[in-house]
Amino acid sequence: MTKPAVLILLGPPGAGKGTQARMLEEKFGLVQLSTGDLLRAAVAAGTEAGKAAKAVMEAGQLVSDEIVLAILKDRMNEPDMGKGAILDGFPRTAGQAASLDELLAELGMSIGAAISLEVDDAAMVERVSGRYTCANCGEGYHDSFKQPAVAGVCDKCGSTEFKRRADDNAETVGARLEAYHAQTAPLISYYEGQGALRRVDAMGEIDRIAQDLAAIVEGIAA
Ligand code: AMP
């Protein structure tokens with residue numbers, strides 16, 4: 001890998017992009033870059049971008065390319081990008097994909113792979129509406145699939161504070177899935193055309209999916 005590479009994780013809400021990006025970050029030292037997290041931080045901080053994004057996010061629609069790109073560029077210009085990054089939730093439109101190509105060329109970076117996490121839509125509503133995270137370290141949990149070993153205590157850091165996203169409810173998930181199919185799924189063919197696409201079955205065990213992703217990253221680095 002001559003230039004630092006970015007990995008793009010594509011998949012609908014609930015496909016496991018955030019979970020897998022965190023695992024890749026720990027294993028390979030790549031930086032997880034989630035535009036959803038950056039936007040939620042902007043909303044919490046009450047910045048102009050955050051104020052403009054809040055209602056759009058709560059409705060499950062996509063924030064404007066202009067706002068998202070400005071936030072992403074700021075983050076990508078920080079010095080920790082040297083080893084590469086995992087893009088989780090970006091690009092989500094054809095315009096964002098074209099802007100990413102330009103930005104990477106400017107930064108001297110390249111796309112290592114665009115990985116499509118393939119899941120059944122029908123399972124995503126339950127996956128998303130039951131999920132929550134540790135408010136301190138961000139470890140992910142789920143009401144049905146993954147509770148902490150000791151009820152109410154984070155396995156990873158021991159915190160007793162947890163949080164749920166405002167948009168992780170059954171109604172908003174429907175709108176988010178629609179936005180994914182209308183605006184983001186076409187990027188799968190875009191990256192297939194660039195020869196960068198890899199598909200991973202993301203319906204099984206988290207650790208098996210993580211192994212499949214690790215094999216792709218190791219293949220890029222080789
Ligand atoms: P996520 O955390 O990736 O599920 O994103 C949560 C919400 O943030 C989405 O439903 C959108 O409203 C907004 N968002 C995140 N990333 C993007 C993006 N790349 N383009 C437009 N909106 C985004």
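Author: What follows is a set of questions on the labels used for this structure, with their cut-offs.

Author: This is a predicted model, in which local features need pLDDT of at least 70 and side-chain atom pairs count only at pLDDT 80 or more, while totals for chains, interfaces and linings use all residues. Residues are numbered from 1 along each chain as its sequence is written, and side-chain values use heavy atoms, with hydrogens and water left out.

Reader: Why is Ala196 called buried?

Author: Buried means under 20% relative accessible area, exposed over 50%, and partly exposed in between, with a 1.4 Å probe and protein chains only. Ala196 has a relative accessible area of 10%, so it is buried. Its place is in the loop between α8 (186-193) and β8 (197-201); helices (H or I, at least four residues) and strands (E, at least two) are DSSP runs, numbered from the N terminus.

Reader: What is Ala196 in contact with, leaving aside its neighbours within four places in sequence?

Author: Contact means heavy atoms within 4.5 Å. On that basis Ala196 is in contact with Ile111, Ala113, Ala114 and Tyr191, with neighbours within four places in sequence left aside.

Reader: Why does Asp80 count as partly exposed?

Author: Asp80 has 36% relative accessibility, and therefore counts as partly exposed. Asp80 sits in the loop between α4 (65-76) and β3. Not counting residues up to four places away in sequence, it touches Val31 and Arg75. The C-alpha atoms of Asp80 and Val31 are separated by 7.5 Å, although the two residues are 49 apart along the chain.

Reader: What makes the pair Asp80 and Arg75 a polar contact?

Author: A polar contact is a pair of N or O atoms within 3.5 Å; within protein, one must be able to donate a hydrogen and the other to accept it, and residues adjacent in sequence count only if both atoms are side-chain atoms. The side chains of Asp80 and Arg75 are joined by such a contact, at 2.8 Å.

Reader: Why does Gln96 count as buried?

Author: Its relative accessibility is 3%, so Gln96 counts as buried. Gln96 belongs to helix α5 (residues 94-107). A polar atom of its side chain lies 2.7 Å from the backbone nitrogen of Arg92. Not counting residues up to four places away in sequence, Gln96 touches Asp65, Val68, Phe90 and Pro91. The peptide bond from Phe90 to Pro91 is cis, with omega near -5°.

Reader: Which residues come nearest to the ligand?

Author: A residue is near a molecule or strand if one of its heavy atoms lies within 4 Å of it. There are 16 residues around the ligand, and Thr35, Arg40, Gln61, Gly89 and Gln96 come nearest. Helix α2 (residues 35-45) gives the largest share of the shell, four residues.

Reader: Where are the polar atoms that lie 3.1 Å and 2.9 Å from a nitrogen atom of the ligand?

Author: The distance of 3.1 Å is to a polar backbone atom of Val63, and that of 2.9 Å is to a polar backbone atom of Gly89. An oxygen atom of the ligand is 3.0 Å from an N or O atom in the side chain of Arg165.

Reader: How do you know that the radius of gyration agrees with a compact globule?

Author: The radius of gyration is taken over C-alpha atoms, and the globule rule is 2.2 Å times the number of residues to the power 0.38. For 222 residues a compact globule would be near 17 Å, and the chain has 17 Å, so the two agree.
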